[in-house]
Amino acid sequence: MSSSGVLTLSPVREDSPVFPLRFDGSRSSHCSQESILIFLQVPESSVIPLRVLDSESIASVKLRIQKFAVKKPKLVFGGRELARNNSLLRDYGVGDGNVLHLVIRFSDLRYIIVRTISGETYNFKVERSRNVGYIKQQLAKRGKNLGDVDDHRLICDGEELDDHQLIDNLSKENDAVIHLLIQKCAKVRTKPFEKDFELSIDAPLLKEKDGVRDLRMVARTLLYKDSWIKPVIDDPKVELSRVISDLIHSASSGLEKGNLPIMSSEGTGGAYIMQDGSGQKFVAIFKPIDEEPMAENNPRGLPLSDNGEGLKKGTRVGEGALREVAAYILDHPIGGKRINDEAGFAGVPPTTMVWCFDTGFHHSEPCDYVPKNFKIGSLQAFVENNGSCEDMGPRVFPVQEVHKISVLDIRLANADRHAGNILIRKNEEGEPMVLVPIDHGYCLPENFEDCTFEWLYWPQARQHFNDTTIDYIKALDAEEDIALLKYYGWNPSPECARTLRISTMLLKKGAERGLTPYDIGSIMCRETVHKESKMEEMIREANDAVLPGTREAVFLETLSEIMDRHLDQVKII
């Protein structure tokens, strides 16, 4: 993983291609008459001006940002992610003077979590060019109850840090955990975590006579009287599977032992890596619903949604966790429903909805729908991996591994399948590579407008399904799937349920006719932002053919006939 956060740039020069006007008021020769000035807003940083063409593609703009700032940037405008790289800026309505939110990932940012024994938490995003004294300055501004922070000591690897020591120099193994101790020293641990750098600073508000005999025990006594993580179960008849129970127990044990969550630098929402009791193993990823993109406590600086819609059309802010769980529930094993914790056909990691005691997470405003001191969200098993599909060319991926993910994405109408959320797991030498799909917070949208499948452009997508995959597809039943989701506590909206019925219908009909994942996926995905997909055209035709208020079954029957007519015209290669 890489890091994400504050962006600092040198001032833009007058003769720079991104600077629109010369100081004498004349237009720079670099700018054409079609160019527009946009502004990139980065969390906790100044706005960055950028001169572009309104006819410029999203991919081109991102490439220019990469040259002077960060790798793999994400752009958000008007509450919508500019995800279609082949589309133009103007396709998304971007014009002169508009502000785009830039979500970035890069190694110059360090996260600092300052936590007191009374439960107060202070979150900082600090560049590694800063020094230890800067951390104390930030504490002095925010921590009114901490007293004189100059008397506090920061200790790393058992050594007190000098105020002039750079944050970057603390990273002896790419990562570290630093505890801020008040008055007396205590045991300090450091933990490397790939390329991320997480500073966790514990500031216990204890008197001199109290000492620091066992900070974690004090914390448990004062704050925790019950389990640290609990499953969200509405129906007492629902029994947790063994794999889910073990997942919750492992993550809960980690919190109980004082192993705080580590905030991931990836993505547009809050995601936390949970450790086990030993602190030596990562066991889960927790995604709180109040930290989803454009939610009230989002840690990435994205604006609040003004209408409740998520970054992807047809999704709702706060429902991403439900969709994460739904993807696991509907990822049936070969042969039928999951009985004994069998892995699903696509290999979605075990996922469940939980209450988690609020410790070490991002804080802003309390949520009305969550009890005090708790977060609610999805808990997914951590997958040991060798990177993601964006780290290598797609030609090396096994055909069946790509096909299993294509079946899942088509069926769930995934609006956010890109190479970065398909993990690669390499087993022992001689064994095939395994692809693991993650991040399903934008599946089952209420419409098909933002369906995107990056695998659509991979060579494996143009090969035909094998017999095992075709048999699996034949056995799918949308009505049983909707009933299963309700059984586990999510009653999908009529629009989401319709999406599942339609996408399952298309998948089954396409597989029956011998169509490839590319053939079927191309029907679901738009070529450009404004051009409707074939699927959307068929749905519109079906809506026009039935009377308002027509029963769902009649609409689906009409759509089925229209779909048959369209699919019969698709040439099979």
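Which residues of helix α8 (residues 478-487) are buried? The points below answer this and go through other parts of the model.

1. The structure is a predicted model. The chain has 573 residues, of which 53% count as buried. Its secondary structure comes to twelve helices and 19 strands. Of the contacts between residues at least 6 apart in sequence, 66% join residues at least 24 apart.

2. In α8, the buried residues are Ala-478, Asp-481, Ile-482, Leu-484 and Leu-485. Viewed down the helix axis, these buried residues fall within an arc of 160°, so they line one face of α8. The cover over them includes three other helices: α5 (320-330), α6 (399-412) and α9 (494-512).

3. Both ends of α8 have a local feature to note. At its start, a side-chain oxygen of Asp-477 comes to within 3.0 Å of the backbone nitrogen of Glu-479. After the helix comes Gly-489, which has a positive phi, near 105°.

4. Helix α6, one of the helices covering α8, contains Glu-401. Is Glu-401 buried or exposed? Its relative accessibility is 14%, and because the cut-off for buried is under 20%, Glu-401 counts as buried. The side chain of Glu-401 reaches the backbone nitrogen of Leu-435 at 2.8 Å. With neighbours within four places in sequence set aside, the contacts of Glu-401 are Met-433, Val-434 and Leu-435.

5. Helix α9, also part of the cover over α8, packs against helix α12 (residues 552-567). The two axes come within 11 Å and cross at roughly 35°, and the crossing is right-handed. On the α9 side, the residues that meet α12 are Arg-498, Arg-501, Ile-502, Met-505, Leu-506, Lys-509 and Gly-510. On the α12 side, they are Glu-552, Phe-555, Leu-556, Leu-559, Ser-560, Met-563, Asp-564 and Leu-567.

6. Turning to the strands, an open sheet of six has the order β12-β16-β17-β15-β14-β13, and its pairing is antiparallel.

7. Strand β14 (residues 272-275) pairs with β13 (residues 262-263) in the antiparallel sense over two bridges, with Met-263 opposite Tyr-272. With β15 (residues 282-288), β14 pairs over four bridges, again antiparallel, and here Ile-273 stands opposite Ile-285. Six residues lie between the strands in the hairpin of β14 and β15; one of them, Gly-279, takes a positive phi near 75°.

8. The side chains of β14 divide between two directions: Tyr-272 and Met-274 point one way, Ile-273 and Gln-275 the other. All four of these residues, Gln-275 included, are buried.

9. Elsewhere in the sheet, β16 (residues 351-357) and β17 (residues 374-381) form an antiparallel pair over seven bridges. In this pair Trp-355 is opposite Ile-376. What lies across β15, β16 and β17? Helix α5 does, running at about 140° to β16. α5 is also among the elements that cover the buried residues of α8.

Definitions and conventions
Residues are numbered from 1 along each chain as its sequence is written. This is a predicted model: local features need pLDDT of at least 70, side-chain atom pairs count only at pLDDT 80 or more; totals for chains, interfaces and linings use all residues. Side-chain values use heavy atoms; hydrogens and water are left out. Buried means under 20% relative accessible area, exposed over 50%, partly exposed in between (1.4 Å probe, protein chains only). The arc is that of the directions from the helix axis to the C-beta atoms. Contact means heavy atoms within 4.5 Å. A polar contact is a pair of N or O atoms within 3.5 Å; within protein, one must be able to donate a hydrogen and the other to accept it, and residues adjacent in sequence count only if both atoms are side-chain atoms. Two strands pair if DSSP finds at least two bridges between them. Axes are lines fitted to C-alpha atoms, for helices over the stretch in contact, and angles run from 0 to 180 degrees between N-to-C directions. A crossing is left-handed if the near helix is turned anticlockwise from the far one by less than a right angle, and right-handed if clockwise.
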